[in-house]
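Here are a few exercises to work through with the model open beside you. Each one has a task, then a solution in steps.

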Amino acid sequence: MRDTRVSKVRTRFAPSPTGFMHVGNLRTALYEYLVAKSQGGAFVLRIEDTDQERYVEGAVDVIYHTLEVAGLQHDEGPDVGGDYGPYVQSERKDMYLPYAEQLIKEGKAYRCFCTKERLEKLQNETVGGGYDRHCRDLSEAEIQEKLDARVPYVIRQKMPTEGSTTFTDAVFGEITVDNSELQDQILIKQDGYPTYNFANVIDDHTMGITHVVRGSEYLSSTPKYNLLYEAFGWEIPTYIHLPLINGKNEDGSVSKLSKRHGSTGFEDLIKEGYLPEAIINYIALLGWCPKDNQEIFTLEELTKAFDISGISKSPAVFDYDKLEWFNGEYIKAMTDEQLVAVFTPYFKQVLGDKELDYHKLAAILQQRTTKLTDIPEKIDFFAALPEYDKELFVNKKSKTNLENAPVMLKAVVDELSALESWDHDSIHDALIGLAQKLEVKNGTVMWPARIAAAGKTITPGGAIEILDILGKDESLRRMKLGLEKLQ
């Protein structure tokens, strides 16, 4: 067996193709990427598909797509190759049995011939339902007799029954477990396939993985992994266990993040209007704290700032309001071209082929948008003037009422009808000049114009921006309809 020790840091993301990408899985992938890249190492993708019962068609493509959209480019994997392949676990199935048989020869594992019925009875009768090591000390003659009779068997590891196993985690420190608590775990199942734990260790070693990043729920399994490494005489990797991600419950308490708290899948969050960069930035801070108070990071900045010592032991709470804030900050920082590119699909949802200036539309939305999915509702009045009540023309702050609103709106129509150039500055100067001429507040002129043009009180942008985007003909048409409503 070849020596797979490597000098540089190597991490691996090893998802099972069982459906969508949960934010917990994505955070694990992100931290593995950051651990590797912050130290000039390699980030490896391995698909763990041996659990065929849970396999979901198309799930591998979801994994590829998610990593691509998230910007987590892997250095090795099924699609890009590498020196340590194959990178799909089912394609490595023939390599596991020889390792298990090596442990049998060395007296570190044994064949267990117990029937399913015996194990079920044992589980019902024994406190804790643990295996009683019935086959651990069978004689060579008994073993050969069962092999000759083709009795099905699994291969179990001989766990130490006395003493304790201690390991060090980069986040949680030194942890000790009594060996009496460890069962003789199955390495190879009756069908010849490896168990998850066994395949994991063999794959990580033969792929030269130096740092294993996973959720803290796997802390209790780590002694099992380590005893396998020790049985083979292999170097144990650095463990980095990540804190849980919780969600807020309605009563103010927290519990492990699940769908009852809101969307927990990367794709679902994107469908809800969050930007991939904002999601990644937010997830990076769920359990990791930078040395300064910086919150907004590009992936490149995260790579430079990331340090394992900043990972917390305490569970993190997924706060959708905070994610929305991050999203808004990313939208505010976009260039005009980026905005139009990101906003256009949402514009088309409402406007169809209606010709409006998308750049002007994006500009009035930029400071007022925190979720992309809110855009259609914000701009629906541009597609068609909604039905509205004339009471909307009444506004205390702008000092408008049903008596002066028609007067103001008629003056606005007359003033703007005479404009030869229809743009923001021309409309602005005309309306401000009109207010001065009529000796009223600017708002007393603007409010009736905005209500007539939009048919709603809350709009992105004021009267000038809306009229500019609608264009002269449509603006005047709508304001004349408003006059009819008022008269």
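**Exercise 1. Charges over rings**

Task: find which ring the charged end of R27 sits over, and do likewise for R156.

Solution. Start with R27: its charged end sits over the ring of Y31, 5.8 Å from the ring centre. Then turn to R156, whose charged end lies over the ring of Y131, 3.8 Å from its centre. A charge sits over a ring if NZ of Lys or CZ of Arg is within 6 Å of the ring centre and within 35 degrees of the ring normal.

A word on the source: this is a predicted model, with residues numbered from 1 along each chain as its sequence is written. Local features need pLDDT of at least 70 and side-chain atom pairs 80 or more, while totals for chains, interfaces and linings use all residues; side-chain values use heavy atoms, without hydrogens and water.

**Exercise 2. Aromatic pairs**

Task: classify the pair Y99 and W234, then the pair W325 and F326.

Solution. First, the rule: rings of Phe, Tyr and Trp (its six-membered ring) pair if their centres lie within 6.5 Å, and planes under 30 degrees apart are stacked, over 60 edge-to-face, the rest tilted. The structure holds 18 such pairs.

Next, Y99 and W234 lie 5.7 Å centre to centre with 80° between the planes, an edge-to-face pair. Y99 is in helix α3 (residues 96–105) and W234 in the loop between α7 (222–232) and β9 (238–242), 135 residues apart. Helices (H or I, at least four residues) and strands (E, at least two) are DSSP runs, numbered from the N terminus.

Both Y99 and W234 are buried, where buried means under 20% relative accessible area, exposed over 50%, and partly exposed in between (1.4 Å probe, protein chains only).

Finally, the centres of W325 and F326 are 5.2 Å apart and their planes at 80°, so this pair is edge-to-face. W325 is partly exposed at 34% relative accessibility, whereas F326 is buried at 1%.

**Exercise 3. Helix α17 and the core**

Solution. A nonpolar core is a set of buried Ala, Val, Leu, Ile, Met, Phe, Trp, Tyr and Cys residues joined through side-chain atoms within 4.5 Å. The largest one has 57 residues, and F343 and L431 are among those with the most contacts inside it. Its largest share, eight residues, comes from helix α17 (residues 442–454).

Now check the cover: eleven of the 13 residues of α17 are buried.
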